[in-house]
Amino acid sequence: MDGVQIANIAIGAAGLSICSLGLAQTIVSRSMERRTRQYFIAFFFLLVVYVAADLLSNFVNGSVNRMIMLFLESAFSSFLAPLLTCFLLERSGADRRRSGAFRAAAALELAYMTLLIYTQFSQSIYYYDAHAVYHRGPYYPLLLVPPIGIMLINLCLLWNVRNRLSKRERLAFAVYILAPTICMVFQLLFFGLYVIVLGSSIGAMVMFLNIQSDQTERYAKKESENERLRTEIMLSQIQPHFINNTLGAIGYLCRDNPEAKAAVNKFTRYLQGNMDSLTQTGPIPFTTELEHTKAYLELEQLRFREKLNIVYDLEATEFLLPTLTLQPLVENAVFHGVRGNANGRGTVTVSSREYADRYEVTVADDGPGFDPAEPPTDDGGSHIGLQNVRSRLRSVGGTLRLDAAPGQGCRVTIELPKEARSC
């Protein structure tokens, strides 16, 4: 063995140790969100196979065996960049199926795999000669275009969604994108040393540690806030009883006015739903959340009369969702949608659907709509409300998708994976 080969073995062994440690840590971690944990398991699994193939290539003989090892490490490593695209979209709350960045990354990955398969039967990109010596063909730079393209897509995507990520998340993604890129440039300049193996491994570990630390801190803050809220509720338990008793007395005084008495009863039911929501720590039946939402809408209909039209299109009701996820969306639809129309009239539609792998709940309005790319023009309350709902959904693996356009109303869709039933 020459010095370069010994250096590559040392680099491969270090990279494999880092990736294996990262995979083990991810598997045993319980402080990370479920979807984030799944992504990191995929990241480190691909890295382990990639680095292991690179390490084994130093010990195999023959051009065919080395060609196989190079194909394996090239194929598995190529999936890391588009996987990062998916992870970035996931963390920013974007819909992968509607993302141009994802489609472009997928197309480039397909082009790369096509070139990689083609080169197994041609010497125009790279090949091993009869002495098992590696050579780059005249079209070798063509093979670098797709991975560099995906890296640029990821850099642009990171810049576009930076405001949706925490400071640690931005740092984590930046390191993971830049570390392999810098190593790739170094490897091109100093042919023979496979430093990209070590750069990819270190980049992934830095990303993992930063995001794990960020989510652990968020989890601790959330638990602290929940404990504070529970303490406040315990200290103020007498107030709900006082409110209910007072409303009961008002309802009695309104016995000669059926409409006023009905309004008091509906308001009592709505307040009771709010109190019950504050004591919930896990997902609740959709029907429970729906009843609370209906109580709110009945009060709004008493206020706005025929100007507010409500449509229920419910095909699925037997599933769980986090508490206070539907009612805030409906409240936004009434306030910003219906009340945003020039005549103050409009329709709010609440629908639910069941699919093979998920449940969907949609709240739509026929209001003036808006441009999602522009910052909110109100006091930010609705934006914060959406972020809170998105955070609660993320805890059970769910997502929130917002579709809106000026003059075309707004449509908010909740997606809940069916495994969330067991949460």
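Trainee: What should I know about the model before I start?

Mentor: The model is predicted, so local features need pLDDT of at least 70 and side-chain atom pairs count only at pLDDT 80 or more, while totals for chains, interfaces and linings use all residues. Residues are numbered from 1 along each chain as its sequence is written, and side-chain values use heavy atoms, with hydrogens and water left out.

Trainee: How many salt bridges does a search of the whole structure find?

Mentor: Side chains of opposite charge can pair when their charged atoms come close. The term salt bridge is used here for a side-chain nitrogen of Lys or Arg within 4 Å of a carboxyl oxygen of Asp or Glu. The search of the whole structure finds 16 of them. One joins the side chains of Asp 95 and Arg 401, at 3.8 Å from N to O. This pair links distant parts of the chain, 306 residues apart: Asp 95 lies in the loop between α4 (80-92) and α5 (100-119), and Arg 401 in strand β8 (residues 399-404). Helices (H or I, at least four residues) and strands (E, at least two) are DSSP runs, numbered from the N terminus.

Trainee: Are Asp 95 and Arg 401 buried or exposed?

Mentor: Buried means under 20% relative accessible area, exposed over 50%, and partly exposed in between (1.4 Å probe, protein chains only). Both Asp 95 and Arg 401 are buried; for Arg 401 the relative accessible area is 14%.

Trainee: Which residue forms a salt bridge with Asp 403?

Mentor: Asp 403 pairs with Arg 401, their closest N and O atoms being 3.5 Å apart. Asp 403 has 23% relative accessibility, so it counts as partly exposed. Salt bridges that share partners join Asp 95, Arg 98, Asp 357, Arg 358, Glu 360, Arg 401, Asp 403 and Glu 415 into one network.

Trainee: How do I read the packing of α4 and α6?

Mentor: Begin with the axes, which are lines fitted to C-alpha atoms, for helices over the stretch in contact; angles run from 0 to 180 degrees between N-to-C directions. The axes of α4 and helix α6 (residues 140-160) come within 9 Å and cross at roughly 15 degrees. Angles under 35 degrees count as roughly parallel, over 145 as roughly antiparallel, 65 to 115 as roughly perpendicular and the rest as oblique. The two helices, α4 and α6, are therefore roughly parallel to each other.

Trainee: Which residues of α4 and α6 meet?

Mentor: Contact means heavy atoms within 4.5 Å. From α4, Ala 81, Pro 82, Leu 84, Thr 85, Leu 88 and Leu 89 meet Ile 150, Asn 154, Leu 157 and Leu 158 of α6. These residues divide into eight nonpolar, two polar and no charged. Here Ala, Val, Leu, Ile, Met, Phe, Trp, Tyr, Cys and Pro count as nonpolar, Asp, Glu, Lys and Arg as charged, and the others, Gly among them, as polar.

Trainee: At what angle do α11 and α12 pack?

Mentor: Helix α11 (residues 286-304) and helix α12 (residues 326-338) pack at about 25 degrees, with axes 9 Å apart. They are therefore roughly parallel to each other.

Trainee: Where is Ile 414 found, and which residues does Ile 414 touch?

Mentor: Ile 414 is in strand β9 (residues 410-417), and is buried, with a relative accessible area of 0%. Not counting residues up to four places away in sequence, Ile 414 touches Thr 325, Leu 329, Tyr 359, Glu 360, Val 361, Leu 393 and Thr 399. The C-alpha atoms of Ile 414 and Thr 325 are separated by 8.8 Å, although these residues are 89 residues apart along the chain.
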